[in-house]
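Good morning, and thank you for coming. Please look at the model on the screen while I take you through its sheets, its charged pairs and one surface patch.

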Amino acid sequence: MAISRGLAGRTVPEAADIISTVEFNHTGELLATGDKGGRVVIFQREPESKNAPHSQGEYDVYSTFQSHEPEFDYLKSLEIEEKINKIKWLPQQNAAHSLLSTNDKTIKLWKITERDKRPEGYNLKDEEGKLKDLSTVTSLQVPVLKPMDLMVEVSPRRVFANGHTYHINSISVNSDCETYMSADDLRINLWHLAITDRSFNIVDIKPANMEDLTEVITASEFHPHHCNLFVYSSSKGSLRLCDMRAAALCDKHSKLFEEPEDPSNRSFFSEIISSVSDVKFSHSGRYMLTRDYLTVKVWDLNMEARPIETYQVHDYLRSKLCSLYENDCIFDKFECAWNGSDSVIMTGAYNNFFRMFDRNTKRDVTLEASRESSKPRAVLKPRRVCVGGKRRRDDISVDSLDFTKKILHTAWHPAENIIAIAATNNLYIFQDKVNSEMH
């Protein structure tokens with residue numbers, strides 16, 4: 001895929017600056033990132049310039065605000081991190097934009113508005129905004145709106161708290177635009193966007209005795225078109241599709257998607273690497289995309305027995321699982337994304353590599369998000385990891401991969417070939433200027 005790029009990055013690699021989520025809005029004109037310091041940065045796509053009408057607009061910082069602060073739970077003597085776990089945009093209903101952001105415990109609804117005019121000529125207030133003495137008001141005038149520099153205002157609309165005992169790992173807005181759900185390790189709650197003081201528990205997998213616990217919920221998402229359907233994934237590698245029309249409590253799933261394990265591949269790490277870290281419905285709603293530690297899989301909603309497609313992300317790590325377990329990398333939670341037409345899928349890897357798989361041609365490519373390739377209009381070169389034997393000039397050995405550099409969070413523009421890649425504290429925005437095919 002020939003991609004040129006623009007870069008928006010934070011230069012000081014402090015822990016608080018590490019990007020923890022990336023999300024395009026429904027038009028792709030806005031891109032939000034959340035970080036470990038509880039901040040949300042929104043980028044806006046600039047309009048095409050008149051001098052170069054065919055060039056796409058770059059993304060520039062539109063607004064930055066502090067979404068969450070660190071808290072302390074005195075009942076449990078636990079610190080609650082300010083880190084933003086997920087951001088979800090609400091479909092736009094008017095001139096304002098709205099998004100949900102969440103840390104481990106609290107979900108907040110934010111409204112983003114623009115102001116480029118201010119009223120002048122009040123009858124009862126002076127220029128400083130103070131009330132006039134009514135005895136001095138001898139005539140009436142019509143206030144007028146005067147242009148002013150554009151101001152972006154971000155205001156908190158609602159705070160949804162006290163809904164989760166465990167850490168929130170995902171939120172998903174329903175297609176009815178009225179409700180959303182939030183999931184933690186053991187429960188999924190359904191919220192109404194207008195009601196903050198109560199939620200409805202729709203999934204509860206907590207056993208009566210916690211010693212009987214065998215799996216946890218890792219991710220969940222609403223179906224893009226059917227407001228009654230949602231899916232959640234588990235640490236055992238299974239997907240459960242639930243229908244809210246069948247029962248109020250969706251502990252009994254409608255469909256269970258699970259791939260039978262090959263006994264010959266069984267090892268100490270089998271259960272850890274089969275844990276699903278992300279699940280995404282396709283835009284069409286027909287398929288689901290899941291990511292586990294070594295693979296991405298495409299599932300057909302009409303076929304539960306096995307995935308219809310399996311792609312190896314970094315199979316060369318199979319021999320390294322022992323050391324990856326020792327340095328905790330084996331527990332990294334990689335995300336995955338569809339392109340706008342559901343024909344190409346993307347996910348991250350180590351060494352700031354990210355992978356793309358074309359479902360039609362079955363071709364795949366490994367690309368690198370790095371400062372070296374960050375010049376505007378530079379073309380990204382495919383990278384190759386070699387396991388042993390002969391090495392080509394640009395190949396990188398599996399032993400020299402940097403496991404501290406990992407692409408966990410990625411997002412794809414809903415309509416165009418523009419992707420956002422979070423690499424530690426840098427946000428890379430790559431754009432396909434040539435065509436929409438991988439080659």
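Predicted model: local features only at pLDDT ≥ 70, side-chain atom pairs only at ≥ 80, totals over all residues.

I begin with two strands that run antiparallel: strand S9 (residues 97-102) is joined to S10 by 6 bridges. Across this pair, His 97 stands opposite Ile 112 in S10. Strands here are DSSP runs of type E with at least two residues, numbered from the N terminus, and two strands pair if DSSP finds at least two bridges between them.

Residues are numbered from 1 along each chain as its sequence is written, and side-chain values use heavy atoms, with hydrogens and water left out.

Which sheet do S9 and S10 belong to? They are part of an open sheet of 4 strands with antiparallel pairing, in the order S8-S9-S10-S11. S8 and S11 are the edge strands, each pairing on one side only. On average, neighbouring strands of this sheet are turned by 25° against each other, direction ignored; the axes are lines fitted to C-alpha atoms, and angles run from 0 to 180 degrees between N-to-C directions.

A second open sheet, also of 4 strands, has the order S20-S21-S22-S23 and antiparallel pairing. Strand S20 (278-281) and strand S23 (309-312) each have a single partner strand, so one side of each is left without a neighbour in the sheet. S20 pairs with strand S21 (residues 287-291) over 4 bridges, and Lys 280 has Leu 289 in S21 as its bridge partner. Another 4 bridges join strand S22 (residues 295-300) to S23, where Lys 297 stands opposite Thr 310.

In a regular strand the side chains alternate between the two faces of the sheet. In S23, Glu 309 and Tyr 311 make up the covered face, and Thr 310 and Gln 312 the uncovered one.

I turn now to charged pairs. Side chains of opposite charge can pair when their charged atoms come close. A salt bridge is a side-chain nitrogen of Lys or Arg within 4 Å of a carboxyl oxygen of Asp or Glu. How many salt bridges does the whole structure hold? The search finds 22.

One of them joins Glu 23 and Lys 88, at 3.5 Å from N to O. This pair links distant parts of the chain, with Glu 23 in strand S2 (residues 19-24) and Lys 88 in strand S8 (residues 86-89), 65 residues apart. Lys 88 is buried, at a relative accessible area of 14%; buried means under 20%, exposed over 50%, and partly exposed in between, with a 1.4 Å probe and protein chains only.

Asp 243 and Arg 245 form another salt bridge, their closest N and O atoms being 3.0 Å apart.

I finish at the surface. Leu 131 lies in the loop between strand S10 (107-120) and strand S11 (144-160), and this residue is exposed, with a relative accessible area of 68%. Together with Leu 124 and Leu 134, Leu 131 forms a nonpolar patch with about 350 Å² of accessible area. Such patches are made of residues with over 30% relative accessible area and no salt bridge, like charges being joined within 9 Å and nonpolar side chains (Val, Leu, Ile, Met, Phe, Trp, Tyr) within 5 Å. The areas come from the Shrake-Rupley method with a 1.4 Å probe, and for residues only the protein chains shown count as cover.
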